[in-house]
Amino acid sequence: MKDLLISITKGLVDNPDAVSVDVSEPNEEGVTVYRLHVAEDDMGRVIGKQGRIAKAIRVVMRAAATRNDAKISVEID
């Protein structure tokens, strides 16, 4: 899952070396939080107009998690 998020994000940004993901342990509801970090200059590219790209990333990640019977959340820092 982490590799999927990194590969999606690296295709969007100008500085792919600055992309990193922190994964937290599942909370009491069983949701694993993925925190995505990108360079400040690339933040607009990852969020997109009105958050459309960020929403699309979250949808793809949730779909992949559902196939693995997992619950995830993606936060962009």
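Predicted model: local features only at pLDDT ≥ 70, side-chain atom pairs only at ≥ 80, totals over all residues.
Select Leu36 to begin, and you will find this residue in strand S2, which covers residues 31-37; strands here are DSSP runs of E with at least two residues, helices are runs of H or I with at least four residues, and both are numbered from the N terminus. Residues are numbered from 1 along each chain as its sequence is written.

Is Leu36 buried or exposed? Leu36 is buried, with a relative accessible area of 0%, where buried means under 20% relative accessible area, exposed means over 50%, and partly exposed lies in between, with a 1.4 Å probe and protein chains only.

Next, keep Leu36 selected and show its contacts, a contact being heavy atoms within 4.5 Å. Leaving aside residues up to four places away in sequence, Leu36 touches Leu5, Thr9, Val19, Ser20, Val21, Val46, Glu75, Ile76 and Asp77.

Now select the largest nonpolar core, which has 16 residues, and among them Leu5, Val21, Leu36, Val38, Val46, Met61 and Ile72 touch the most other members. A nonpolar core is a set of buried Ala, Val, Leu, Ile, Met, Phe, Trp, Tyr and Cys residues joined through side-chain atoms within 4.5 Å. Colour by element, and you will see that helix H1 (2-10), S2, helix H3 (52-67) and strand S3 (71-76) each give two or more residues to this core, with H3 giving the most, namely four residues. In soluble globular proteins, nonpolar side chains tend to be buried together.

Finally, show the whole protein, which has three helices and three strands, running α-β-β-α-α-β from the N terminus on. Its radius of gyration, taken over C-alpha atoms, is 12 Å, close to the 11 Å that the globule rule (2.2 Å times the number of residues to the power 0.38) gives for 77 residues, so the protein is as compact as a globular protein of that length. Along its principal axes the C-alpha trace spans about 35 × 20 × 20 Å, and 31% of the 77 residues count as buried. Of the contacts with a separation of 6 or more, 53% come from residues 24 or more positions apart.

Notes:
Heavy atoms only, no water.
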